[in-house]
Amino acid sequence: MAPPRVLMVAEKPSIALSIATVLSGGRMATRRDSTDVHEFDGKLMGVQAHFKVTAVIGHVFSVDFPAKYQDWTVTDPLDLFQAPTLKIEANPKAHIRRHLSQEARGCSHLVLWLDCDREGENICFEVIECSGFHAKEGASKIYRARFSSVTEKDILKAMDNLVYPNKNEALAVDARQEIDLKVGVAFTRFQTGYFQGKYGNLDARVISYGPCQTPTLGFCVQRYLHINTFKPEKFWVLHPYIIHKGYELKLDWGREKLFDLDVSLMFQKLVAEHGTVKVVNIVQKQEHKSRPSGLNTVNLLKVASSALGFGPQMTMQLAERLYTQGFISYPRTESTAYPSSFDFRGALEVQKSNPHWGDYVRGLLADGYEKPHSGTDAGDHPPITPMLSADEGMLGHDAWKLYQYVCQHFIGSLSPNCKYLRTKAEFSIGGESFYYTGQHVTTKGFTIIMPWLALSEKNLPEFTRGESIKLSKVELDEGATTPPDYLTESEVISLMEKHGIGTDASISVHINNICERNYVQVQSGRRLVPTALGITLIRGYQLIDPDLCLPDIRSFIEHQITLIAMGQADHSLVVEHVLQQFKQKFVYFVKQIESMDALFEAQFSPLSASGRPLSKCGKCLRYMKLISGPQRLYCGTCEEVHNLPQRGSIKLYKELTCPLDNFELLICSMPGPEGKSFPLCPYCYNNPPFEGIDTLFGTAASTAGSAKKIGNGDGMPCFLCPHPTCPHSITAQGVCACPECSGTLVLDPISAPKWRLYCNTCNCLVFLPQGAHRISTTTQRCLECDSTIMEVDFNKNNTPLKDGATLHAGCILCDELLHSLIEVKHGKSSFKRFGGRGRGRGRGRGRGRGSNRNIDPKMSFRDF
């Protein structure tokens, strides 16, 4: 009987490689596919088996609305609360779903090595669905490996202690995804549609709402409002000075400060007239500064922001990389308490040879280490811990700084407490109480390895109780109360943790969102300063429904989601209840939107007063204005807004007009030396005139919360237009199929003298004969491959044609001369040749579409 075949799936290819390397002892065969597959023979629960180890790339699926709900102009946002949702492949070009289905064939067991958090549990069930194991008999043959690092010890331990995946945790993620999608997209579409059509200098293309991001923004705006409404108040502080045994001491006042100048002056006179300081009491106390507990995600994010200058998103990217490389344990954890079985000595042994702190670690191992203080056990992963020793050369500068802190924190948590002697001398002058405090460190403890937490020495001379000392001078210092500063990222993270906004896995995403959407700006000290748009939005929510920007509702939602994960709440009932509550709030918000609009009107300029004249409207023949941030055209006569591509520069295209609607054409030039340039009609771009244009070109439906997407823009540029006679359409300018995807290579109309073709779907570029006077497409087709015949007018000084001829027409795939003069560039690779005689696949302008879907899309391109 043949041994059973076991499919094992990890969350990332690098983790799959680590797992396969450990379990096979390095003796495995690897083959390429969507993600690498590593095969070897081994044992599963004591039984000989053949293993296949592969990986996904994060989530296999994302949640979205069906196509009928994607068009912003047709769908009422209110309908989204009851709209169905579907799961679409998150990375369709990676073909992960097909890959898992193929690799699962013939396998009788599935072992899931996804990250051990709720998101990982959700991906487990995505893998189960793709692999078909949910439909197979014997669900007990699906196992879950639980591990916190990709070290050999943890992998072997997980393999020996396989469990079953947790459906409740997966459902909790499904609930959060559906709630966030429906609530976020409904509010976002309504707000964006309402305000973008009215104001010209809005600093965001999409005015988004999010159940997590908006309360996060609310913290920042609340601090801004506090700062701007703050009224400073003067105060006075009395400071007597004495000179004793060579020390000049500035005494602190028991009253701290007074806000009345006359009373303060009275006390100054009283103390000065008395002239003698009496020592009333001397108190000495042995105190300590506690070593840290284990390091969790939130604390890592806070330290990285405040001390290392890393934003939360960057911090998690670095931490993920360190984890997948095996240098630290899993970086997404809420726990600060280590399990009782944790091998502290083993973790320290790994670091004893490190050139930076090896001496200190060896001392700890020799003298005995302390166990970390008890922290919080959230039941997920142990605190973040270094697993391998490293230096800066191995990791790179930024990753090293983060790794260094993780190591120092871990070693510090096993070090003695910092101990110091605190001495407080209390004085009396004319009945007024004063004091002076000194401190002397007796044991540095963990501050040796974490020197930024070290205590400073503050010397205090010896005093005798009852001793009288002559007063040196008396100063009355004037000050004023000051407002708090803007919130730092670290402080925002603390507030999010306190109020239950987001999780250890999503906090960094929410902060990054409000930065990217221009609601806040990160300024010096990584302080989050809200922009005019962010302030106006929050003030508008506060006017209409404060719940929309307060953390209370999200805290409730997170609590309900936790109950789902624990199996104590029904997934569908929680989602239904939350969506019903937000639907009622949405209806009220729409009715009261004018209250927010009044704030926008006071802050932003109307469209009619913004922008500069650029091109003529095809309806009224008046000039439309180009408005930046985001780019769009506005016709003041028709009162219509036409969205434009956002990343490129927009110019008028030779005053040419669209044959369909008479709008003047524009040319969009993408940035960079390899950026595309393409014409577009503003009206067609926003209102594609051909039904099913997205289906025709095989383009993806829009993503949640964004406008309807066709190709690489928000609408239909000329390179997607199938108009049969327009000289700018794909019919006229398309040349042949792209060698890298199902798109079409199109002639760049303004690329002279560096002529080139570009793909209307991917980043593939084809460089044509350089320096030619003119290159254009013709109406003729190649008899061999049906690509468009191109006409090249060479420069007479360097023409490759015989007898000094300059004009030549041919197919870039089949004509030997043209084929020898082109270069294909895509991604990071360049290839001198592509194509070949007689290797076509249908009409050149068909670009790979048509009835024969099974033909290899690269069959027309030799040497790829």
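This talk describes the fold of one protein chain, from its overall dimensions down to a few individual residues.

Good morning, colleagues. Please keep in mind throughout that the structure before you is a predicted model.

I begin with the chain as a whole. It has 864 residues, and buried residues make up 50% of them. The secondary structure comprises 23 helices and 33 strands. Taken along the principal axes, the C-alpha atoms fill a box of roughly 115 × 80 × 65 Å. The chain exposes about 39,400 Å², and carbon and sulfur atoms supply 50% of that area. As for contacts with a separation of 6 or more, 66% of them join residues 24 or more positions apart.

Strand E23, residues 664–669, pairs with E24 over four bridges, and Ile 667 stands opposite Pro 679 in E24.

Next, helix H4, which spans residues 152–160. Its buried residues are Asp 154, Ile 155, Ala 158 and Met 159. Because they cover an arc of only 135 degrees around the axis, these residues sit on the same side of H4. The face turned away from that buried side carries the exposed residues Glu 152, Lys 153, Lys 157 and Asp 160. What do the buried residues of H4 pack against? Their partners are strand E1 (5–10), helix H1 (13–24), strand E3 (37–44), strand E4 (47–55) and strand E7 (109–113).

I come now to the cysteines. A disulfide is a covalent bond between the sulfur atoms of two cysteines. How many disulfides does the count give here? The count comes to zero. Consider Cys 635: the closest cysteine sulfur, in Cys 620, is 3.5 Å from its own sulfur, which is too far for a bond, given that the criterion requires the two sulfur atoms to lie within 2.5 Å. Cys 635 is also buried, at 0% relative accessibility. Cys 418 is buried as well, with a relative accessible area of 1%.

Finally, a loop. Asn 795 is located between strand E30, residues 788–793, and strand E31, residues 807–810. Asn 795 and Ala 805 are ten residues apart along the chain, and 9.4 Å separates their C-alpha atoms. Leaving aside residues up to four places away in sequence, Asn 795 touches Gly 771, Ala 772, His 773 and Thr 806.

That concludes the presentation. Thank you for your attention.

Note on methods:
Residues are numbered from 1 along each chain as its sequence is written. This is a predicted model: local features need pLDDT of at least 70, side-chain atom pairs count only at pLDDT 80 or more; totals for chains, interfaces and linings use all residues. Side-chain values use heavy atoms; hydrogens and water are left out. Buried means under 20% relative accessible area, exposed over 50%, partly exposed in between (1.4 Å probe, protein chains only). Two strands pair if DSSP finds at least two bridges between them. Helices (H or I, at least four residues) and strands (E, at least two) are DSSP runs, numbered from the N terminus. Contact means heavy atoms within 4.5 Å. Accessible areas come from the Shrake-Rupley method with a 1.4 Å probe; for residues, only the protein chains shown count as cover. The arc is that of the directions from the helix axis to the C-beta atoms.
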